[in-house]
Structure formats: structure tokens, C-alpha cells
Amino acid sequence: MKRTKETIFREHPDWQQRQGVSGLKEFDGEDLQFDSRNKFNKDQQKQWIFEQIEEKKRRQEQEKAEEMAYAQQTLEINRFRGMLQDNFASRKTDMGVATKQTNLQLAKEKKDKEEREKQEKLAAERAERDLLLERGRKQPYNG
């Protein structure tokens, strides 16, 4: 039993509780519930500690799950970005090849056109030369 100053303002027990073999069962200032209250407080503190431990475990598991979800999301984003980069690179390569082929085709057409124009010019110059040579010859008179 423990005497406490805090129990001064506690109500006095009934006279039936106070009467016994010696005339009293409980004295003023005496705390008969100290042991049971102390045990209850210890049990309550243990329960609170277990609740805090469980809460901490749940929080850690939730944080771990969030980190895993973030990591998975990051992996998916990186994978998708890689696919987009590959797609962009292949399109760029295809466009470069197409541009090169178009440029080669245009260069060939230009070369063919220049060659054709050169041949046409030479043919026209030959025709003019032949015409001039024929004009410069003496023609027989048929008259």
C-alpha cells in the first residue's frame, strides 16, 4: 500500500466499508487500488506500445509499397521513353534514306536532262552546219 497526497480530495468510503474486525478496513489517505491501477497502467502502456509498433510497421509497409510503385512507374516511363526514342531514331533513319534516294533521283534526272539538252544542242548545231555546208555548194540549175 502506498500513501499519496493526491488522495486527500478523494471521497471517504462508506461506513460499511470502513467497519471491520478492527473497526476500520480503509484509512484516510490509504490507496487500496494502487496495485491494480498500477497493473492496469502497465498493461495499457504495453498495449499502446504494441499499437505504436503495429502502426509503425503499417507505415513502413505503406512507404515501401509506395516506393515500389514509384520504381515500377519510373521503369515503365523509361521503357516507354526508350521505345519512343527507338521509334524516332528509326523514322529519322528512314527519312534520311528517303531523302538520299530522292536526292540521287533528282541528280540523275538533272544529269539526264543536261545530257539530253547537250545532245539536242549538238544535233541542232550539226543540222545547222549541214545546212550551211549545203547552201555553200554550187547547185545545179534545173531550169
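Guide: Accessible areas come from the Shrake-Rupley method with a 1.4 Å probe, and for residues only the protein chains shown count as cover. The accessible surface of the protein comes to about 14,200 Å², and carbon and sulfur atoms account for 54% of that surface. The model is predicted, so local features need pLDDT of at least 70 and side-chain atom pairs pLDDT 80 or more, while totals for chains, interfaces and linings use all residues. Residues are numbered from 1 along each chain as its sequence is written, and side-chain values use heavy atoms, with hydrogens and water left out.

From the N terminus on, their order is β-α-β-α. Of the 143 residues, 5% count as buried (under 20% relative accessible area; exposed is over 50%, partly exposed in between, with a 1.4 Å probe and protein chains only).

Salt bridges (a side-chain nitrogen of Lys or Arg within 4 Å of a carboxyl oxygen of Asp or Glu) number four in the protein. One of them joins the side chains of Lys 39 and Asp 43, at 3.2 Å from N to O. These two residues are four apart in helix α2, and therefore about one helical turn separates them. Lys 39 counts as exposed because its relative accessibility is 52%, whereas Asp 43, at 36%, is partly exposed.

Together with Ile 49 and Phe 50, Ile 53 makes a nonpolar surface patch of about 310 Å². Patches consist of residues with over 30% relative accessible area and no salt bridge, with like charges joined within 9 Å and nonpolar side chains (Val, Leu, Ile, Met, Phe, Trp, Tyr) within 5 Å. Ile 53 is partly exposed, because its relative accessibility is 43%.

Further along helix α2, Glu 76 and Arg 79 are three residues apart, about one helical turn. They form a salt bridge whose closest N and O atoms are 3.0 Å apart. Glu 76 has a relative accessible area of 35% and so is partly exposed; Arg 79, at 47%, is likewise partly exposed.

Lys 108 and Asp 112 form another salt bridge, with 3.4 Å between the closest N and O atoms. Both residues lie in helix α2, four residues or about one turn apart. With 36% relative accessibility, Asp 112 counts as partly exposed.
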